[in-house]
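Please look through the sequence and the 3D structure shown here, and keep both at hand while reading.

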Amino acid sequence: MVLVVDIGNTHVVLGDVANGEIRSLARLATDASRTGSEYAMFIRSALELHGEDASTIEGAIISSVVPPVTPAMKEAIYLLSGKEAMVVGAGIKTGLDIRIDDPAELGADLVVGAVGALAIAPPPLILIDMGTATTIFAVGEGNQFLGGAIIPGVVLGLKALAGGTSQLVNVNAAPPKKCISTNTVTCMQSGAIYGAAAMIDGMVERMEEELGKKANVIATGGLAGTVIPYCKREIRNEPELLLKGLAILWEKNRK
């Protein structure tokens, strides 16, 4: 069994790969104050809930956009398995031709998402990841990672509205029944959900104009299941995309 770990700004997502099957095991709030021992107990409990034993861990791979958490997670995996976890970063073979200005700036989550998406559909691809931020990036012919856009995420936008105004309140990121809403809460929800969907439709259209052709569009992330159904453009939602990408990178780089 191989552990695959995606450390995001809001959540740590844990999965495993065994006999070619990728399985999501658990989701935990990202917390830089947790120690390696605490993460080890979380991983052990998640495995036990699914009938797995930590002693069967053959290796692990981590994608992280929260550098302070990475050492604790590596320590946790070593405590459980005696194995050094692979970390997505410089020196990892990805199969991508990265064309942004400074490849060192490219987040591990974007690399992993692109690798996972390319295993599902051919380029050109537009990849949408809806988490703390919403990222929309393009992969062109020849697996060229071309760049894209970073937008405040849906929940982040709602929190900014409530925090930056005197009369608006915190609301859940839930879709109201209609776009033309009739009270403060549902008006905020309409703007968040239908507004995000319209933004995604518009960004995809503009990126396709720059690509010069239609693209396969794939979405992932915790908010994708809430927003993507309201997009007019056909978009494939892949909730476990980053776990799939991590599994592929493990196979590409295992010795």
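A salt bridge is counted here when a side-chain nitrogen of Lys or Arg lies within 4 Å of a carboxyl oxygen of Asp or Glu. By this rule the count comes to nine salt bridges. The model is a predicted one, in which local features need pLDDT of at least 70 and side-chain atom pairs count only at pLDDT 80 or more, whereas totals for chains, interfaces and linings use all residues. Residues are numbered from 1 along each chain as its sequence is written, and side-chain values use heavy atoms, with hydrogens and water left out.

## Salt bridges

| R23 | D16 | 2.9 Å |

To describe how covered a residue is, the report uses relative accessible area, found with a 1.4 Å probe and protein chains only: buried means under 20%, exposed means over 50%, and partly exposed lies in between. Helices (H or I, at least four residues) and strands (E, at least two) are DSSP runs, numbered from the N terminus.

E208, at 9% relative accessibility, counts as buried, whereas R233, with a relative accessible area of 21%, is partly exposed.

In the remaining pair of the table, D16 is buried at 2% relative accessibility, while R23 is partly exposed at 29%. These two residues and E52 are linked in a network of salt bridges.

## An open sheet and its helix

Two strands are said to pair if DSSP finds at least two bridges between them. In general, strands of a sheet pair through backbone hydrogen bonds, either parallel or antiparallel. An open sheet of five strands has the order 3-2-1-4-5, with mixed pairing. Its edge strands, each pairing on one side only, are strand 3 (21-29) and strand 5 (86-87). Strand 3 pairs with strand 2 (residues 11-18) in the antiparallel sense over eight bridges, and within this pairing V17 has I22 of strand 3 as its bridge partner. Helix 1 (residues 36-49) packs on the sheet and touches strand 1 (2-7), strand 2 and strand 3, with a direction that makes about 135° with that of strand 3. Such angles run from 0 to 180 degrees between N-to-C directions, and the axes are lines fitted to C-alpha atoms, for helices over the stretch in contact.

Strand 10 (residues 216-220) is mostly covered, since four of its five residues are buried. Strand 10 pairs with strand 7 in the parallel sense over five bridges, and with strand 11 (residues 236-237), again in the parallel sense, over two bridges. I218 of strand 10 stands opposite L127, and its bridge partner in strand 11 is R236.

Strand 7 (residues 125-130) also holds D129. Which side chain of opposite charge is nearest to D129, and how far away is it? It is R27, at 8.7 Å, and D129 is buried yet has no salt bridge; in this count Lys and Arg are positive, Asp and Glu are negative, and His and the chain ends are not counted. Contact means heavy atoms within 4.5 Å. Leaving aside neighbours within four places in sequence, D129 is in contact with several residues, including D109, T134, T220 and L242.

## A loop residue

I92 lies in the loop between strand 5 and strand 6 (97-98), and it counts as buried because its relative accessibility is 16%. Leaving aside neighbours within four places in sequence, I92 is in contact with M86, V87, L249 and N253. The C-alpha atoms of I92 and L249 are separated by 7.9 Å, although the two residues are 157 residues apart along the chain.
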